[in-house]
Amino acid sequence: MIRKSLIALTFAAIAPLASAQTVTMCVFDVIGANGDLYNMVKDYALEMKAHGVDFQLKPYTDEGVAVGDFNAGQCDAVAATDIRIRPFNRFTGSVGAVGAIPTYDDLKTLLATLAQPKAASLMKEGDYQVLGIVPAGAGYLFVNDRSIDTAGELAGKRIATLDYQKDAIHMVNFIKATVVPSDITNFAGKFNNGSVDLAYAPAFAYQALELYKGIGDKGGIVDYPLAQLTIQIIARNSAIDDETAQQSREVAWGMFPQAMKLIASQEEGIPDSTWIRIPEEDIQGYQEMFRQNRLEMRDGVNGAPSVYDPKMLTLLSKIRCASQPSASECTAGNRE
Amino acid sequence: MNPSTILLVGNKAVSCLKLSVLTALLFLAGCSVNPIYKTTGIVLSNYSESEATPYVMQMSDPRMACALGEGLDPLMYSFSRVTDAPESTGSLLMLLAANCMEFRAWEAELAYLRADFEGQVPKAKDAREEAKRLYAQTAKRRYIAFTRAMAAYDFDPAAEPLKCPELENDQAELTFLVGLLTGMQAIVNDANSGALAGIPRNIAPQTERAASCVDNEKWGGLPEAVRALVWLLLPDTRPASSPDPWIVLRRSSELGVKSGIRASYALEAVAAETFGRPDVLAEVIAGFAAAEDTIDVWDDYRLVDKSAGRVIRFSSDKYWTSHYGYRTPQAFFGKLSPERSTENIEVMDLDGLL
C-alpha cells in the first residue's frame, strides 16, 4: 500500500514535466536574448507552461535567418515581425498595412478581436497557425529636414527601404521618392551619415540606433504612424493542437499592456521638439492616399504588388470607422 | 595647587573655550558650509582614491567588496553636498553596490529557472518577477556608476568627434574602462528587468567609441571585447576593416589570461548567451575554468578577475539549472554536462574476491 502510494506520489510529482509538450521556437530580437522582445517572449513561454507547453527558445538577431531556420524545420515555431510572417498567414500579415491603424486604441481593438475564439479559423492558413500577436510600436518617418512635412515634398528624396518589404517599396515609388534598398542592420547608418534623406522605424530605433544623429538640428520625426509593427508567433499545425493554440493567442493578448508600456516609454524618450506635428486636414489627405494604395495592393492593380488580405483590410476599415465614424472613407463607395 | 586655584584656572579655561567657540561661530555665520565637513570630504575623497581603492581592488572577495559599496556609497557621495563630488570613487562604490543587487537578482533568476524546470509555474513567475525588480535596481545603480565614471574624467560620451579623456594613471584608466563596461551591463540588466529602469540604449554605441581610448593589450583585451560585443549588437558600428567580432572576443579572452585579468571572458559569455551560441558558451566556461590553474592573476586588480569569475559561474549555473534543475556542482565547473568521463579507465577483475 505504502509502495503504491509512493509510486502515485512520484508520478504526481513528475506529472507536470511528463505532460508538457516541447515546442522549439526561433525568436527574433535585434539584440538577441538580452533584448526587450526576447524577454517578453520568455514571459509568454512561462505563461504557456501552465497550459502544458514547454517552449524552448532560441535567440536570433537576424530575422531572415530565424524565419529561414523555421522553414528548414530547425524550430517548430517562430516569433518575427509581421513583414516576415506574411507568407505564413496573409490575413495577420496584413496587420501592418500602410496607414491602416492610425492609433494604438484601434490596434487594441484589433488585437482583442483577433484573440477571440471566434477568430480561430482566420488564424490558420495551410500548414501554419498564428499563436499570438504583440505590438512592437508604430513605424514613423524620420526626416533630416523638418521642412519636408507634406507628401508632395517627399518626391525625389532618398528613402532607406527594407528590400523585402514590397508594400513599402510600392509606397516609396508612389510618392516619387527613391528607394535605397536597406536592411535592419544598415538603414540607421545610411540615415545618420546622410546617404539617405529619410528612414522609417519604430521609436525604439531613435535611441538604440542613434537616429537623432541623422535628424540633427534640422530634422525630426513625423508624428503619424505609417504602419503598426507587430511581432507574431507562427507555428506548424503539427506542433500544437487547436485548443492550446487558442489559449496561446489569449495569453499573447494578455501581454498587450506590457508591450504598450514598453512602446510608450520608447516614444516618451523622444524629445517633444523632435516630433513634427502635421495639421489635421493633411492627415485626412494622407489617410485617403494610403487607403487608395491599400486597395491597389489588395488587388494587385496599377503595378502594385498583391500583398494585402481583403478580409483584414475590411476589419481594419470597420475598426477605424467605429472610432472615427465621420471619416470620409466610411461613406466611400469603394470601402475596403 | 589648592582647590580654589584649580577652580580659577578651570573657569579661565572654560571662558577661553567659550570665546573660541563664539569666535568660530561668528566666523562661520556667513558661510553656508561647515569647513570641517568640507575638509573631511576632501580628505576622505583623496584617501579613498589613493589608499582605499587600490586596497579594495586587490581584494578577492566580491561579496565583501559589494557590501562595502552599498554601505559606504551614500556616506561618501554625501560629501558632494559640501565639496566637489567624488566622482571616480563614487563610480566604483556604486558599481560595487550594483554588483550586490545583481547577486540577489542572480539568485532570483536561478530560483525562476529551478521552478521552471520543475514545472511549478506560479513559483517560477514569482521568482522571475522578483528577478526583474532586482535587475531594474541593478540597472539603475549601474547607470549612476557609468555617469559618475564619465563625469570623473570630464568625458562626454556623446561628443563627436571623439575626444579621449586624460587618464593620468592605471587606476584612472581602469575606472574609466570599467565605467564603460558598467554602462553596457546596465543595458543588459534593464532588458532583463522588462525595461523597468528605462536605461538609454545609446550607451552601447557610445561605449564602442570610447573603449578605443584605453590600451587594449594592457587591460587584457577588455577594450576590444567591449567593442566587439557592440559590433555584434549593432553591426552598423563595426568598422569596415575590423575582424570578425567572435574572433576578437576569443583573442581578448586569451589576452585576458596572459594579462592576469579575465574580464573579457565575461563579455564573451554574455555574447554567447545573447546570440544563442551554446557552443561558444561551453568553450568560454571550459576555457575560464582551465585557466584557473595556470593564470598569474594581476594582484593589483584581483577583484576584477574574481568578479569576472562570478559572471562565468553564473552563466554556468544558469545552464545547469535550466537543463538539470540545479546549479553547477563544484567538481563540474568547466563542463556543461553531468556525465562523468568514465571511459578508458582500467578496472580490476573482482572474480577472485567474490
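Trainee: Where does Asn302(A) lie?
Mentor: Asn302(A) lies in the loop between α12 (280-299) and α13 (310-323) of chain A. Helices (H or I, at least four residues) and strands (E, at least two) are DSSP runs, numbered from the N terminus. This is a predicted model: local features need pLDDT of at least 70, side-chain atom pairs count only at pLDDT 80 or more, and totals for chains, interfaces and linings use all residues. Residues are numbered from 1 along each chain as its sequence is written, while chains are lettered from A and ligands numbered from 1 in the order in which they are written.

Trainee: Why is Asn302(A) called exposed?
Mentor: Count the other C-beta atoms within 10 Å: Asn302(A) has 12. A residue is buried at 20 or more, exposed at 12 or fewer, and partly exposed in between, with C-beta atoms placed from the backbone. Asn302(A) is therefore exposed.

Trainee: What is the phi of Asn302(A)?
Mentor: Near 55 degrees, a positive value in a residue other than glycine. Most residues other than glycine have a negative phi.

Trainee: Which loop holds Ala195(B), and what is its phi?
Mentor: The loop between α6 and α7 of chain B. Phi of Ala195(B) is about 60 degrees, positive although the residue is not a glycine.

Trainee: How do you know that Ala195(B) is buried?
Mentor: Ala195(B) has 22 other C-beta atoms within 10 Å, so it counts as buried.

Trainee: What makes the peptide bond from Glu160(B) to Pro161(B) cis?
Mentor: Its omega is near 0 degrees. Pro161(B) is in the loop between α5 and α6 of chain B. Most peptide bonds are trans.

Trainee: Why is Pro205(B) called buried?
Mentor: Pro205(B) has 23 other C-beta atoms within 10 Å, so the label buried holds. Its place is in helix α7 (residues 203-210) of chain B.

Trainee: What is Pro205(B) in contact with, leaving aside neighbours within four places in sequence?
Mentor: Glu210(A), Val230(B), Leu234(B) and Thr237(B). Contact means that the C-beta atoms, placed from the backbone, lie within 7 Å.

Trainee: How many residues of chain B are in contact with chain A?
Mentor: 24 residues of chain B, touching 27 of chain A. Elements giving two or more residues to that side of chain B are α5 (121-152), α6 (170-192) and α10 (263-274). The largest share, 4 residues, comes from α5(B).

Trainee: How does the side of chain B that touches chain A divide by class?
Mentor: Into 11 nonpolar, 7 polar and 6 charged residues. Ala, Val, Leu, Ile, Met, Phe, Trp, Tyr, Cys and Pro count as nonpolar, Asp, Glu, Lys and Arg as charged, and the others, Gly among them, as polar.

Trainee: How do you know that β6 and β7 of chain A pair?
Mentor: Pairing needs at least two DSSP bridges. Strands β6 (residues 158-162) and β7 (residues 178-182) of chain A have 5, in the parallel sense. Thr161(A) stands opposite Pro181(A) in β7(A).

Note on methods. Two residues are in contact if their C-beta atoms, placed from the backbone, lie within 7 Å.
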